[in-house]
Amino acid sequence: MMLPRFYPIFDDAAWLARALPLGVRLVQLRLKDRAPDDLRDQVRRGLALARAHGATLVVNDHWQIAIDEGADWLHLGQEDLDGADLPAIRRAGLRLGLSTHDHAELDRALALAPDYVALGPVWPTILKQMRWHEQGLDRVTEWKRLAGDVPLIAIGGLTPERGAQALAAGADVVSAVTDITLNPDPEGRMRDWLAVTA
């Protein structure tokens, strides 16, 4: 399955209302530290926006809400994977993306036949403290070789210029968070990303 090559990640459905009209067609909602009702409302709003724009919304972590609200895609980190009910997720027909940072995690992810694997951080990231140092472009090329037909997403410290390098190194999709959300002109930045990944 061919995924759009640009995959921004946002912490609020309000960002989707800004991104999707620009032509973003693959987006993730990564919701942390919110009340259950707020989580559900965010996912519901995000799904409605995505469907209105013919886009794909990936719900991060909250697999039960994703099932309940009829989402099509779920992303799990390695820690989230430990507590997730994978048979229930599969029964619900959710497509699954998984984070990986080292060979053991990639082996674990590929054994679950995911719909994509993400590798990060490719460059240093300010988003969260991580015990992994930057992976670099050689690791992107290696991961793509190991992942084979499974789409590979590069994340961590990406800019449009670095995104182009990651795609050239073998990534199928490039992802960004703070490069957009902390930019003084988020819409302009997303247009730059869409141009680079077109």
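**Note on the predicted model**

1. Among contacts in the protein chain between residues at least 6 apart in sequence, 53% join residues at least 24 apart. A contact here means heavy atoms within 4.5 Å.

2. Basis. This is a predicted model, in which local features need pLDDT of at least 70, side-chain atom pairs count only at pLDDT 80 or more, and totals for chains, interfaces and linings use all residues. Residues are numbered from 1 along each chain as its sequence is written, and side-chain values use heavy atoms, with hydrogens and water left out.

3. Overall build. The protein chain has ten helices and eight strands. These are DSSP runs, numbered from the N terminus: helices are H or I with at least four residues, strands are E with at least two. The C-alpha trace spans about 40 × 40 × 30 Å along its principal axes. The radius of gyration is 16 Å, which agrees with the value near 16 Å for a compact globule of 198 residues. That radius is taken over C-alpha atoms, and the globule rule is 2.2 Å times the number of residues to the power 0.38.

4. Buried residues make up 52% of the 198 residues. Buried means under 20% relative accessible area, exposed over 50%, and partly exposed in between (1.4 Å probe, protein chains only). The chain exposes about 9,100 Å², and carbon and sulfur atoms supply 50% of that area. Areas come from the Shrake-Rupley method with a 1.4 Å probe; for residues, only the protein chains shown count as cover. There are 22 positive and 28 negative side chains, and the centres of the two sets lie 3 Å apart. Lys and Arg count as positive, Asp and Glu as negative; His and the chain ends are not counted. Each charge is placed at NZ of Lys, CZ of Arg, CG of Asp or CD of Glu.

5. Strands β5 and β6. Strand β5 (residues 95-100) runs parallel to β6, and four bridges join them. Pairing requires at least two DSSP bridges between two strands. Gly97 has Tyr116 as its bridge partner in β6. Strand β6 (residues 116-119) is covered on both faces. Tyr116 and Ala118 are buried on one side, Val117 and Leu119 on the other. In a regular strand the side chains alternate between the two faces of the sheet.

6. Leu98. This residue lies in strand β5. Leu98 is buried, at a relative accessible area of 0%. Beyond residues up to four places away in sequence, Leu98 touches several others, including His75, Leu81, Leu112 and Val117.

7. His62. The loop between β3 (56-60) and α3 (63-68) holds His62. His62 counts as buried because its relative accessibility is 18%. Leaving out residues up to four places away in sequence, His62 touches Leu31, Leu39 and Leu74.

8. Arg25. This residue sits in the loop between α1 (13-19) and β2 (26-29). Arg25 is partly exposed, with a relative accessible area of 31%. Its C-alpha is separated by 7.8 Å from that of Tyr7, 18 residues apart along the chain.

9. Backbone points to check. Most residues other than glycine have a negative phi, and most peptide bonds are trans. Asp33 has a positive phi of about 55°, and is exposed at 83% relative accessibility. Ala113 has a phi near 50°, and is exposed at 54%. The peptide bond from Gly120 to Pro121 is cis, with omega near -15°. Pro121 lies in the loop between β6 and α7 (137-147).
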